[in-house]
Amino acid sequence: MKHHYLSLWLLLLCAFVIFAVSSAFDMPYLGEHQLKSSGIADALRPPKKASTTPLPFPSDTAEVNADSIGNSGSKGSAPAPCDTSTHTILLIGDSMLEGIAPRLAAYADHNGHTLYSVMWYSSTSKIWGSSDKLRNYISRLNPSFIIVCLGANELTVRDIASARRQYVEKIIEDIDTIPYLWIGPPNWRRDTGINALISSVANEGSFFLSDGMDFERTADGAHPTRTSAALWVDSVMRWMPGNARNPIRMDFPEADASRPKRVFVHKPTEK
């Protein structure tokens with residue numbers, strides 16, 4: 001009798017061990033229902049560390065949004081040939097340059113370009129369009145390519161199409177025949193028309209629409225983090241070869257960041 005009970009207990013013990021081991025992992029399906037895990041593996045295994053690798057922006061986000069706004073890119077037409085010569089690049093804009101300039105500098109260094117950065121804190125198209133600073137920097141540095149990053153401080157301007165058109169036009173006029181790319185603001189709220197305005201004034205293929213992209217923000221809720229700003233630049237550079245009016249060589253750099261050859265900073269109160 002004791003032998004009979006011992007055999008029964010051993011059989012139950014074996015069944016429990018088999019169930020415990022199998023249920024510690026992904027369970028198989030029984031018909032349309034999956035057997036539930038016991039959770040033993042979660043208790044025994046150390047917890048997985050969260051990934052610190054940032055998610056890239058969707059590669060087609062900018063193009064999709066660009067189509068919806070109009071004059072943002074040349075999608076649908078034959079891409080312009082890439083200019084593989086070295087350039088002196090002038091980067092102008094507002095405080096968003098704090099995030100994008102280091103990554104752009106890495107691209108410039110890797111591709112043999114020279115980058116100058118002019119950051120005017122709290123600036124707008126009106127401030128730049130009412131000033132001679134752009135023309136003075138063009139005369140001083142003789143850039144062969146210009147990158148503009150403006151519009152973040154104008155997301156809520158009323159009647160912006162009429163209030164700011166002359167200033168956006170003035171900026172484009174000051175750029176004159178120099179190839180350029182205007183990077184639109186990284187919207188954190190719906191704008192009143194700044195993106196549509198810039199798109200309507202800029203040459204086809206010379207405006208990159210950033211609105212609609214996913215950004216990690218700093219504490220102020222507006223500026224992308226350095227990591228997110230770097231991914232923003234990467235997205236612009238991926239967009240350039242097949243969509244830009246005047247694409248230049250911007251192969252992916254090995255370095256994460258670098259410094260422009262020189263950085264010029266202007267206070268909000270300057271004219």
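A residue counts as buried when its relative accessible area is under 20%, and by that rule both Arg103 and Asp234 are buried. The model described here is a predicted one. In this model the structure holds 7 salt bridges, a search of the whole structure finds 5 aromatic pairs, and the count of disulfides comes to 0.

**Salt bridges**

- Arg103 forms a salt bridge with Asp234, and the closest N and O atoms of the two are 3.0 Å apart. Because Arg103 belongs to helix 4 (residues 97-110) and Asp234 to helix 10 (residues 226-243), this pair ties together parts that are 131 residues apart in sequence.
- Asp174 and Arg135 also meet through their side chains in a salt bridge, at 3.7 Å from N to O. Asp174 lies in helix 8 (residues 165-175) and Arg135 in helix 6 (residues 133-141), so the parts that this pair ties together are 39 residues apart in sequence.
- Asp174 is buried, with a relative accessible area of 9%, whereas Arg135 is partly exposed, with a relative accessible area of 41%.
- A network of salt bridges links Asp132, Arg135, Lys170 and Asp174.
- Arg164 and Glu154 form a salt bridge in which the closest N and O atoms are 2.6 Å apart. Arg164 lies in the loop between helix 7 (160-163) and helix 8, while Glu154 lies in the loop between strand 5 (145-149) and helix 7, so the pair ties together parts that are 10 residues apart in sequence. Both Arg164 and Glu154 are buried.

**Aromatic rings and charges**

- In the pair formed by Trp120 and Trp128, the ring centres are 5.2 Å apart and the planes stand at 75°, so the arrangement is edge-to-face. Both of these residues, Trp120 and Trp128, are buried.
- The ring of Trp120 has the charged end of Lys133 sitting over it, 4.5 Å from the ring centre.
- Arg103, which takes part in the salt bridge with Asp234, has its charged end over the ring of Phe252, 5.0 Å from the centre of that ring.

- An open sheet is formed by 6 strands in the order 7-6-5-3-4-8, with parallel pairing. Its edge strands, each of which pairs on one side only, are strand 7 (207-208) and strand 8 (262-266).
- Strand 6 (residues 180-183) runs parallel to strand 7 and is joined to it by 2 bridges, and Ile183 stands opposite Phe208 in strand 7.

**Cysteines**

- Cys82 counts as partly exposed because its relative accessibility is 40%, whereas Cys149, at 1% relative accessibility, counts as buried.

Conventions: Residues are numbered from 1 along each chain as its sequence is written. This is a predicted model: local features need pLDDT of at least 70, side-chain atom pairs count only at pLDDT 80 or more; totals for chains, interfaces and linings use all residues. Side-chain values use heavy atoms; hydrogens and water are left out. A disulfide is a pair of cysteine sulfur atoms within 2.5 Å. Buried means under 20% relative accessible area, exposed over 50%, partly exposed in between (1.4 Å probe, protein chains only). Two strands pair if DSSP finds at least two bridges between them. Helices (H or I, at least four residues) and strands (E, at least two) are DSSP runs, numbered from the N terminus. Rings of Phe, Tyr and Trp (its six-membered ring) pair if their centres lie within 6.5 Å; planes under 30 degrees apart count as stacked, over 60 as edge-to-face and the rest as tilted. A charge sits over a ring if NZ of Lys or CZ of Arg is within 6 Å of the ring centre and within 35 degrees of the ring normal. A salt bridge is a side-chain nitrogen of Lys or Arg within 4 Å of a carboxyl oxygen of Asp or Glu.
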